[in-house]
Every structure is written in C-alpha cells, then in structure tokens.
Amino acid sequence: MWQALRNELHPKGFELVTVGLDSQGEAGCRAFIEAAKPEQRSLIDRHHVLAELFGVINIPSSIWIDENGMIVRPAEAAPAPPQAASGMARSLPAELPQRFKEIMAEAAKIRKDPEGYHAALRDWVEKGAASRFALKPDEVVERSRPRDDSKALGHAHFQLAAQLEIDGHHEAAIPHFREAHRLVPDSWTFRRQAWSLEKVGDGPLARFWQGPGPDAPGAWPYEGDWLSDVRAIGAENYSEPWRP
Amino acid sequence: MLLRSLRVSKGELEAGTGWQLKPEGACQGEVCIPMPGSAGDPVDVEAVAKAIGMPLVAAPEHGLWALGPASIGSRALASAQAPDLRLPGLDGKEFRLSSLRGQKVLLYAWAPY
C-alpha cells in the first residue's frame with residue numbers, strides 16, 4: 001500500500017525509505033521485508049537510531065525531508081493510505097487467542113486521520129516548500145519530541161539494553177530496558193521492543209503478544225504491557241492527533 | 001550510540017550521534033559547540049560526551065558503553081537539517097540518506113512486533 005503510493009509519486013521526485021526498528025536486526029525483519037518485496041530502500045535499524053536522531057517514539061511513524069536535506073515534518077504517526085486502512089483486520093484468522101481479540105479492539109479505537117495525512121503528503125509532493133504542510137525549520141524543531149537530560153539518559157539505557165540482548169545477555173538487559181521505560185515514558189517503541197523480546201510461544205504471534213503469557217503470567221519482567229498500558233491512557237490517546 | 005571502546009573515529013561518532021567534529025567544535029547542522037582539542041581522531045568519547053552534554057551509561061562487565069543523545073534546546077531535533085542517517089539493508093550494504101538529495105523523502109519507521 002505504501003509501495004503503490006511510492007511508485008505513483010516517484011516520477012514526481014518522491015522517494016520512500018522504510019526502516020525496520022528491531023534489536024534482532026535482519027533476523028527479525030527479513031520475513032516481513034521479503035513478503036513486501038520493496039522496490040524502495042528498506043533499511044534495518046538495530047539500535048533505534050531513528051529514536052535518537054529523529055525522535056521517533058512509535059511505529060508507524062514518518063519524517064518528511066525535502067530536496068535539500070531539510071526536515072519539513074518531524075516524526076509523527078503515519079497512517080496507511082486510506083484505501084488500505086482496514087485491510088489487515090479483514091485478513092486476520094478467526095481463531096485468535098482472547099488477548100489478541102482485546103488488542104484488536106483497543107487498536108481499532110486508536111485515533112487516525114489517514115485522509116488528512118495523505119492529502120497533505122500529496123500537497124507537499126506537488127507544491128514543495130509552497131505547501132502549507134511543509135513546516136518552517138523553527139517549527140520543525142519545536143514540534144519534535146521534548147527531550148530533557150533524563151530522557152537522554154533513558155535513550156542510553158535503551159541502547160545498552162538492546163545490545164546486551166543482541167549479545168545474548170537477556171537477564172542483564174532487562175534492568176536497562178526498565179530504566180529506559182521509566183525515563184522515556186512517551187516512547188512506545190522502547191516498550192514494544194522490550195516486550196517483543198519476551199516471546200510467548202514460538203508461533204507467528206509470539207512477538208505480538210506484548211505482555212504476560214497465559215501459562216506463566218508471574219514471569220513477566222515488566223511493569224506494563226501493551227494492553228494494560230493502552231487501557232490505562234485510553235486508546236484514543238495512543239497517538240497524538242494529526243496536526244496540519 | 002553503542003560503544004565497545006571509549007575511543008572512536010570521527011566518522012563513527014558522526015554516524016552514531018549526528019555530531020560532526022569540525023575545527024570550530026562539535027556541530028549538528030548550524031549548531032556548533034566549541035570543543036578544545038576537537039581535532040583529535042580517534043575521539044575521546046568521555047570528553048566529547050561531557051562537552052556536548054550526552055549521557056554515558058556503562059556495562060563494564062560486558063565491555064559495553066552507550067552514549068545517549070544531547071538534549072540541546074530541550075527537543076529531539078537541534079536543527080531541521082536532517083542528520084545523515086546511515087543504515088544497512090538486508091544485503092548488509094550501508095545506505096546514506098544524503099544520497100537522495102534532490103528528491104523529497106519520506107522516512108517510514110516500522111517494526112516486526
């Protein structure tokens with residue numbers, strides 16, 4: 001769906017670069033990338049460099065960059081093109097575990113504005129700097145995520161945790177993941193990444209469980225999990241509303 | 001940025017943090033922080049971290065350090081100029097964002113979880 005959009009807009013000087021954020025790197029991303037058969041660049045970000053360099057806090061997110069390498073829209077939620085928005089829900093099997101039915105129900109409440117976002121994207125591709133959706137440099141910086149010393153420290157803990165995990169030191173990684181979650185409470189990617197490493201079973205849903213498994217709920221090493229945390233804030237607050 | 005040594009090359013520092021060491025100091029876009037002795041290569045990570053205000057967390061038993069980002073201006077972005085992202089694809093080849101100058105680029109973050 002993104003690829004069809006990319007191919008349509010490519011002749012107008014538009015390019016899409018997709019980046020998979022996963023401490024498991026190629027091993028985690030390969031099956032998804034191969035299934036998508038991307039024609040655009042498809043990159044792998046094992047260390048969540050996008051969080052550090054661009055302030056990405058959730059997926060899917062986008063950053064718009066103009067012909068001169070200037071960011072014109074900082075990281076923000078990037079909904080799928082409108083015509084494809086409900087495709088995934090329809091293709092899910094009926095035999096989902098109860099937890100996934102509940103996750104899907106919460107996910108359906110997440111606020112999205114694919115029409116507004118994609119109309120803006122097309123306007124920018126057409127008009128460039130003259131588009132009202134291309135923000136001025138000061139506004140780009142101002143709209144990027146707030147970051148203070150404690151959040152910066154949380155990023156360092158996250159990176160350390162991810163590498164410890166990659167190196168096979170899972171138990172050593174957990175306290176650093178926890179510290180990252182405490183210090184960077186607005187990052188869903190930091191939480192989702194850690195939760196995804198506590199696989200439940202080994203089927204295709206293992207990394208999407210994102211919370212305690214039914215057989216050993218007491219073994220869950222984190223305070224939060226996707227379903228509990230989303231319910232606590234309200235699914236409608238999961239993404240910030242899209243702002244023109 | 002992840003480190004296995006507290007000395008890295010200027011190029012590695014720039015790829016990992018977005019900060020470029022120039023004669024006038026450590027720079028990100030038009031923002032420059034004066035740094036005495038910044039001409040050294042390899043770079044003394046502890047000195048640069050202190051000058052820019054980047055947190056350093058250590059797991060010495062595993063020979064690992066992580067350098068967190070600066071929080072200049074209290075925002076994730078210090079400048080609207082895009083850092084030169086360098087990441088590999090499935091083939092392991094490094095791709096540089098700056099190779100797409102002249103095109104409008106949408107950088108799209110996703111995850112397999």
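**Close-up views of a two-chain predicted model**

**View 1. The loop around A:Pro60.** A:Pro60 sits in the loop between α3 (49-54) and β3 (61-65) of chain A. Helices (H or I, at least four residues) and strands (E, at least two) are DSSP runs, numbered from the N terminus. The peptide bond from A:Ile59 to A:Pro60 is cis, and its omega is near -5°. Most peptide bonds are trans, and most residues other than glycine have a negative phi. This is a predicted model: local features need pLDDT of at least 70, side-chain atom pairs count only at pLDDT 80 or more, and totals for chains, interfaces and linings use all residues. Residues are numbered from 1 along each chain as its sequence is written, while chains are lettered from A and ligands numbered from 1 in the order in which they are written.

**View 2. The loop around A:Lys37.** A:Lys37 lies in the loop between α2 and β2 of chain A. Its phi is near 45°, a positive value in a residue other than glycine.

**View 3. A sheet built from both chains.** Which strands make up the open sheet of five? The order is β2(A)-β1(A)-β11(B)-β3(A)-β4(A), and the pairing is mixed. Two strands pair if DSSP finds at least two bridges between them. Strands of a sheet pair through backbone hydrogen bonds, either parallel or antiparallel. The edge strands are β2 (41-45) and β4 (71-77) of chain A, and each pairs on one side only. Neighbouring strands of this sheet are turned by 20° against each other on average, direction ignored. Axes are lines fitted to C-alpha atoms, for helices over the stretch in contact, and angles run from 0 to 180 degrees between N-to-C directions.

**View 4. Where β1(A) meets β11(B).** Strand β1 (residues 14-21) of chain A and strand β11 (residues 104-110) of chain B run parallel, joined by seven bridges. A:Glu15 has B:Val105 as its bridge partner. A:Leu16 stands opposite B:Leu106. Helix α2 (residues 25-36) of chain A lies across β1 and β2 of chain A, and runs at about 150° to β2(A).

**View 5. The contact between the chains.** How many residues does each chain give to the contact? Chain B gives 46 residues and chain A gives 73 residues. Two residues are in contact if their C-beta atoms, placed from the backbone, lie within 7 Å. On the side of chain B that touches chain A, the elements giving two or more residues are β7, β8, β9 (86-88) and β11 of chain B. The largest share of that side, seven residues, comes from β11(B). By class, the side of chain B that touches chain A has 31 nonpolar, 12 polar and three charged residues. Ala, Val, Leu, Ile, Met, Phe, Trp, Tyr, Cys and Pro count as nonpolar, Asp, Glu, Lys and Arg as charged, and the others, Gly among them, as polar.

**View 6. A hairpin in chain B.** Strand β7 (residues 56-59) and strand β8 (residues 64-67) of chain B pair in the antiparallel sense over four bridges. B:Ala59 stands opposite B:Leu64. The hairpin has four residues between the strands, and B:Gly63 takes a positive phi near 65°.

**View 7. A three-stranded sheet in chain B.** This open sheet has the order β3-β4-β5 (chain B), with antiparallel pairing. β3 (20-22) and β5 (31-33) of chain B each have a single partner strand, so one side of each is left without a neighbour in the sheet. Neighbouring strands of this sheet are turned by 30° against each other on average, direction ignored. Three bridges join strand β4 (residues 25-28) of chain B to β5(B). B:Cys27 stands opposite B:Cys32 in β5(B).

**View 8. Two helices of chain A.** The axes of α8 (residues 149-166) and α9 (residues 170-183) of chain A come within 8 Å and cross at roughly 160°. That makes α8(A) roughly antiparallel to α9(A), a term for angles over 145 degrees. The contact includes A:Leu153 and A:Phe158 of α8(A), and A:His176 and A:Phe177 of α9(A). Its residues divide into 10 nonpolar, five polar and three charged.

**View 9. The domains of chain A.** Chain A is divided into domain 1 (2-92 + 112-143) and domain 2 (149-237). These bounds come from an automatic or database domain assignment. The C-alpha centres of the two domains lie 24 Å apart. In the contact, 11 residues of domain 1 of chain A meet 11 residues of domain 2 of chain A.

Notes:
Angles under 35 degrees count as roughly parallel, over 145 as roughly antiparallel, 65 to 115 as roughly perpendicular and the rest as oblique.
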